[in-house]
Amino acid sequence: MLLAGALVAPSRPAAAEPGCSDVQPATRVDGVGTPVPHADGKYTPIVLVHGFISSPAIWSKPTVYSSHTEERPNVKRSLLGNLQALPGAIVYTVDYHDTATRWFTEPGAGGAVFTHVFDCITGEARYAGHNVVVAAHSMGGLIARWSVTDAPGAAARRARMGLAITVGTPYEGAWLAALGSFLVDTAANIATGVVKAEAAPLLELMHLAMAACREHEVAALDPCTYLNKVIEFLASMHAFAPGSPELSSLSPWPKGMRVETLASSSVVQDVGGLFLVRGPGTVDLGDVVVGRASATSGGHQSHVAECRYTTAKLTDDVNNFLEPFGMRLDSDPAKLVGLRPLGACFHIHESVLLDHTSEILSAIAEELQRYSLELTPKAVGRIAVGGSGTAAEEMLRQVLGKPDRTQDSKGCELVSPPEPRRYLSWGALTVTLAPTGGAGRLVGWSVGNGKTPPGLRLPHGVTTSTTVRDAMRTIPGATAEWDDVFGMYSIRTDREPEMMWSGDHQDGSGKISFITNTFEPCE
């Protein structure tokens with residue numbers, strides 16, 4: 001790669017194509033137990049991608065910042081731990097920290113590492129039918145997008161990426177990189193005689209050192225490694241500059257792909273006289289590295305965490321800190337503006353900012369619900385009782401697979417007039433549909449004795465393994481009525497009048513044998 005037309009980053013031999021044995025889920029953190037599968041027995045892979053000059057360690061750090069308060073949030077788990085705790089999730093962290101100073105499309109750099117991980121994951125049987133979810137910070141977002149647009153094999157990956165969430169990604173470049181690029185260009189101009197020819201020997205010395213590292217294959221030595229990293233870093237500064245050839249060559253996210261962009265923004269108010277602003281103006285610094293508009297570019301669903309400051313508040317904060325030492329600043333706020341924006345909304349803190357970690361966790365949890373099945377008093381998964389029967393059956397087949405049994409009935413004769421019913425059963429679960437009237441409608445669900453589909457979630461956690469006594473303790477406002485004829489309890493609650501739980505043994509020691517949200521007399 002060219003750097004200011006003068007420095008050339010040392011080339012590296014292409015690495016041998018690795019197998020997939022190196023692609024393993026992230027070590028479980030924060031005391032999280034083993035993964036729990038979805039209702040279909042499969043899992044959803046979640047891939048976390050770090051950014052420029054970073055590492056996977058950012059994901060396992062505790063959440064310590066919030067844009068709404070200066071007090072540290074009381075969050076016990078890291079983002080990695082919270083994601084690992086989600087039912088159905090298995091989390092991977094892409095690690096390209098050894099090449100994190102290089103532009104990601106170079107051979108062996110971040111792009112190649114990510115596509116290798118992604119392709120290995122999608123080849124595993126335990127993820128069949130489940131798309132990959134990606135959460136990426138900074139340059140990691142560019143890598144994720146490139147993998148489904150411009151990289152070799154992009155079309156296959158595009159079909160398997162279900163959701164991408166990017167945080168602080170410089171889609172339109174980073175203004176700080178533009179500043180760095182300007183400084184590098186200036187240095188190169190000095191060295192090449194545009195400004196001062198006296199500096200040319202310094203550039204020549206760098207070329208000689210780089211050549212020596214390549215010639216004698218001593219790149220592992222600290223001086224050579226350090227030199228290489230410096231050159232790679234400076235070269236990448238050009239690539240991140242707005243309008244650079246590298247950024248301009250990248251394609252946008254594919255149309256229709258589900259993408260969410262997150263950004264941080266330090267907004268400084270009352271900046272009269274600062275940032276070349278006349279009068280009491282306001283300046284949006286973005287996350288100090290990437291601007292708000294760049295990080296949310298593309299017209300996707302976006303969320304921005306704002307940290308708002310005033311120059312007067314900056315002065316007060318620092319003076320409060322210095323007061324115990326008998327010191328005090330003068331009243332010039334210009335000396336302080338550059339300090340506070342390096343706090344909660346700073347670029348490198350975005351992976352531990354509560355605003356972002358909460359949004360990532362919420363979005364991914366919602367995505368995982370596509371593959372799990374929660375039964376509630378008023379719904380089966382995301383389909384409400386009374387909703388489309390066709391949509392309910394499609395969702396159930398996607399989540400649970402083909403039904404074990406399908407039965408069509410003319411309806412219950414005890415109901416006048418009887419209405420046709422369609423019963424779909426997966427083990428102990430039966431979902432009832434009314435097939436009449438176009439798409440039909442969802443009537444309800446019931447769970448009896450037998451094998452329950454894995455990952456099925458029932459109201460209040462009461463299952464057919466729960467005793468009547470424990471169910472009474474667990475269900476809010478529960479009341480039980482014993483039926484001598486049928487020899488069983490009927491448990492109901494006014495808070496959820498649709499629900500009914502049944503169980504035997506009058507002393508309450510019997511197990512729950514039947515659960516439904518729509519009891520019909522013929523059942």
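A helix here is a DSSP run of H or I of at least four residues, numbered from the N terminus. The views below show a predicted model.

**View 1. Glu367 in helix α11.** E367 lies in helix α11, which covers residues 354-368. Residues under 20% relative accessible area are called buried. E367 counts as buried because its relative accessibility is 2%. Leaving aside neighbours within four places in sequence, E367 is in contact with V133, G162, L163 and R258.

**View 2. The largest nonpolar core.** The largest nonpolar core has 38 residues. Of these, V47, F114, V134, M161 and W253 touch the most other members. Several elements each supply at least two residues of this core: the strands β3 (44-49), β4 (89-94), β5 (132-137) and β6 (161-167), and the helices α2 (110-122), α3 (139-147) and α7 (222-240). A second, separate core holds 32 residues, including W426, I475, A478 and I491.

**View 3. The surroundings of Val134.** V134 is one of the residues of the largest core that touch the most other members. Not counting residues up to four places away in sequence, V134 touches V47, V49, F114, A144, M161, L163, A164 and I165.

**View 4. Strand β16 and its two partners.** Strand β16 spans residues 441-447, and six of its seven residues are buried, so the strand is largely enclosed by the rest of the structure. Strands of a sheet pair through backbone hydrogen bonds, either parallel or antiparallel. Strand β15 (residues 429-434) runs antiparallel to β16, and six bridges join the two. Within this pairing, V431 has W445 of β16 as its bridge partner. Strand β20 (residues 512-516) also pairs with β16 in the antiparallel sense, over two bridges. Here S446 stands opposite T516 in β20.

**View 5. An open sheet of three strands.** The strands of this open sheet follow the order β10-β11-β12, and their pairing is antiparallel. β10 (375-376) and β12 (383-384) stand at the edges. Each of these two has a single partner strand, so one side of each is left without a neighbour in the sheet. Strand β11, residues 379-380, pairs with β12 over two bridges in the antiparallel sense. In this pair, A379 stands opposite A384 in β12.

Definitions and conventions: Residues are numbered from 1 along each chain as its sequence is written. This is a predicted model: local features need pLDDT of at least 70, side-chain atom pairs count only at pLDDT 80 or more; totals for chains, interfaces and linings use all residues. Side-chain values use heavy atoms; hydrogens and water are left out. A nonpolar core is a set of buried Ala, Val, Leu, Ile, Met, Phe, Trp, Tyr and Cys residues joined through side-chain atoms within 4.5 Å. Buried means under 20% relative accessible area, exposed over 50%, partly exposed in between (1.4 Å probe, protein chains only). Contact means heavy atoms within 4.5 Å. Two strands pair if DSSP finds at least two bridges between them.
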